[in-house]
Every structure is written in structure tokens, then in C-alpha cells.
Amino acid sequence: MSETEKRISFNKGYTLHGFAERVFHLHLRFEGDNEELYFRDYLKTHFDVAREYERLKLSLCKSYRHDRDGYTDKKTCFVMKYTEIGKSIYKGRY
């Protein structure tokens, strides 16, 4: 579904009319591409930010129900902000 120099994402179950009964995501990363782990770890230890992320995702899912790219774009700034903070806190963890 998407590909960059560092990542490839395969998805199945997205149709022009919405979601199929089952939807699958497979994300492939090169060794050392651990940014999502820093974001995860930050959310696990900062419940207020995790709740804020939950509210953001819930607000976006209504408007972007059939637009995965738009949904992802709208939450990218939030994710990047807390990923960078997590990287500075947990530097060298991964």
C-alpha cells in the first residue's frame, strides 16, 4: 500500500466501498528503524498523552473512515512530536 526508502507497508481489506470483513496490515522495517517503539514506550509511561492520542484518533476516524492516508496524515505531527520526545528520554534503548 505504501513504500518509502526505509519502510514498506502491505495492507489487505481496504476497498473503494469501505473495509472488507477482515483487514490486515504488514509493516516491514529495516534493522534500526525503531521509531514506533519510542512512541509506544512514551505513551505507556505518559497516560495523559496516551489519552490525548486516543481522543485524536477517535475524532479523526469519523471524518476519515474511508481515507487511510488522510487519517494517517492528520495524526503524523502528533506522533512525530512524541516520538522525538521518546527518543530523547529513552536514547539508545533500541
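**A first look at the protein**

Visitor: How many helices and strands does the protein have?
Guide: Helices (H or I, at least four residues) and strands (E, at least two) are DSSP runs, numbered from the N terminus. This is a predicted model, where local features need pLDDT of at least 70, side-chain atom pairs count only at pLDDT 80 or more, and totals for chains, interfaces and linings use all residues. Residues are numbered from 1 along each chain as its sequence is written, and side-chain values use heavy atoms, leaving out hydrogens and water. The protein has 3 helices and 3 strands.

Visitor: What share of the residues counts as buried?
Guide: Buried means under 20% relative accessible area, exposed over 50%, and partly exposed in between (1.4 Å probe, protein chains only). Of the 94 residues of the protein, the buried share is 24%.

Visitor: Why does Phe10 count as partly exposed?
Guide: Let's find the residue first. Phe10 has its place in strand S2 (residues 7-15). Phe10 counts as partly exposed because its relative accessibility is 43%.

Visitor: Among contacts between residues at least 6 apart in sequence, what percentage joins residues at least 24 apart?
Guide: A contact means heavy atoms within 4.5 Å. Among contacts in the protein between residues at least 6 apart in sequence, the share joining residues at least 24 apart is 49%.
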